[in-house]
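Here's a walk through one model, taking a helix, the sheet under it, the cores and the charged pairs in turn. Have the chain open as you read.

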Amino acid sequence: MSVDHTADTVTTVQVVKLGTHIGARIDGVRLCGDLDPGIVAAVRAALDEHKVIFFRGQHHLTEDGQYEFAELLGNPTTPHPTVTSAGVKSLAIDSRHGRSNSWHTDVTFVDRVPKASILRAVTLPSYGGSTTWASTVAAYNSLPEPLKRLAESLRARHTNQYDYAATAADDPDAGATAYRREFEATYFETEHPVVEVHPDTGERALLLGGFVKQFVGLSSTESQTLFRLFQDRVTRLEHTTRWNWALGDVAIWDNRATQHYAVDDYDGSEHRRLTRITLAGEVPVGVDGRPSTVISGSAEHYAKAGAQLQAA
């Protein structure tokens, strides 16, 4: 893929596909806040197609530069709905606060599920610490027709008390405990369709992950059984791509079409820190045209973009 940068210069944007369903590396782009619109359009197109894209060698980026680049792709949110001590622009994904070693789509417990995230490697362990992404579009597409219809008829409640599908650390340290306490400081609960229609591509995707509490109208046991059935489709290896981080790397993923998992395969003495900037998204809408509904909590301070939700 070639993109005209100026009348005098041609910048080549090379898209290297990493898997059939998800993942591509983008070469030939130096991320910054004043990229040519044609290059920005190429990045957006690659993200729509491949769901998560990776850039090597972005050592020049600072938090400000990362934020300025993010503004070219959308409207950045505040760092987090509840973790307000993180800063004003980015959220530190820091192993000292705990490890996100469970499959999840970011911040699905609020009304307007984020559009995308930009993650930059700052400090890495000497081994391990990779991240795996899964395509929730591929997961939906792989379902037999009867299961597609079932998924489309279901709605699920998501909350920020999030150990329903994930396993918490048996003995979290003080840093992780304090972070968890802040994470849950304000209770959020939102009812989402299990199948969301992607607002940009029109694709259908499974909207699940570790923040799911229960399917509406089903018992806990029934919910857990169906959750496992659909979630196992998401995490099939064929639907995933795994990235081994190096300093200077940047990853961008479509949060409406993916789940991700930070692999906890490095010792506690090792430190892993990345900075995340998140783009505001719209209210999810199901196949039947029904939007998500708020059960508890207002996220207007977090993401002002997108339509208002109906009250539950």
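Let's start with helix H2, whose buried residues are Gly65, Gln66, Tyr67, Phe69, Ala70 and Leu73. "Buried" here stands for under 20% relative accessible area, "exposed" for over 50%, and "partly exposed" for anything in between, using a 1.4 Å probe and protein chains only. Helices (H or I, at least four residues) and strands (E, at least two) are DSSP runs, numbered from the N terminus.

Two bits of housekeeping. This is a predicted model, so local features need pLDDT of at least 70 and side-chain atom pairs count only at pLDDT 80 or more, while totals for chains, interfaces and linings use all residues. Residues are numbered from 1 along each chain as its sequence is written, and side-chain values use heavy atoms, with hydrogens and water left out.

**The sheet and its helices**

What do the buried residues of H2 pack against? They pack against H1, S7, S15 and S17, where contact means heavy atoms within 4.5 Å.

For the record, two strands pair if DSSP finds at least two bridges between them.

Zooming out, these strands belong to an open sheet of 7 strands, ordered S3-S4-S5-S15-S7-S17-S6, with mixed pairing. Strand S3 (14-17) and S6 stand at the edges with a single partner strand each, so one side of each has no neighbour in the sheet. Neighbouring strands of this sheet are turned by 25 degrees against each other on average, direction ignored.

Helix H2 (residues 63-73) packs on this sheet, touching S7, S15 and S17, and its direction makes about 30 degrees with that of S17. Helix H1 (residues 37-50) lies across S3, strand S4 (24-27), strand S5 (52-55), S7 and strand S15 (250-254), and runs at about 130 degrees to S5. Those angles run from 0 to 180 degrees between N-to-C directions, with axes fitted as lines to C-alpha atoms, for helices over the stretch in contact.

**The cores**

Which residues of the largest nonpolar core touch the most other members? Of its 26 residues, those are Val29, Leu31, Leu35, Ile53, Phe55 and Ile252. A nonpolar core is a set of buried Ala, Val, Leu, Ile, Met, Phe, Trp, Tyr and Cys residues joined through side-chain atoms within 4.5 Å. S4, H1, S5, H2, S7, S15 and S17 each supply at least two residues of this core, and H1 gives the most, with 6 residues.

Take Leu35: leaving aside residues up to four places away in sequence, Leu35 touches Val29, Arg30, Val40, Phe69 and Leu72. There's also a second, separate core of 18 residues, which includes Leu143, Val195, Val212 and Phe227.

**Salt bridges**

The structure holds 20 salt bridges, each being a side-chain nitrogen of Lys or Arg within 4 Å of a carboxyl oxygen of Asp or Glu. Here are three of them.

| Pair | Closest N to O |
|---|---|
| Asp64 and Lys89 | 2.8 Å |

Lys51 sits in the loop between H1 and S5, and Glu203 in the loop between strand S11 (195-197) and strand S12 (204-206), so to speak linking distant parts of the chain 152 residues apart. Lys51 counts as buried at 3% relative accessibility, whereas Glu203 counts as partly exposed at 28%.

Asp64 lies in helix H2 and Lys89 in the loop between H2 and S6, so this pair ties together parts 25 residues apart in sequence. Both ends are partly exposed: Asp64 at 39% relative accessibility and Lys89 at 26%.

Glu145 and Arg149 are 4 residues apart in helix H4 (residues 145-153), separated by about one helical turn. Glu145 is partly exposed at 44%, and Arg149 is partly exposed at 39%.

Finally, Arg155, Arg157, Glu189, Glu191, Lys213 and Arg290 are linked in a network of salt bridges.
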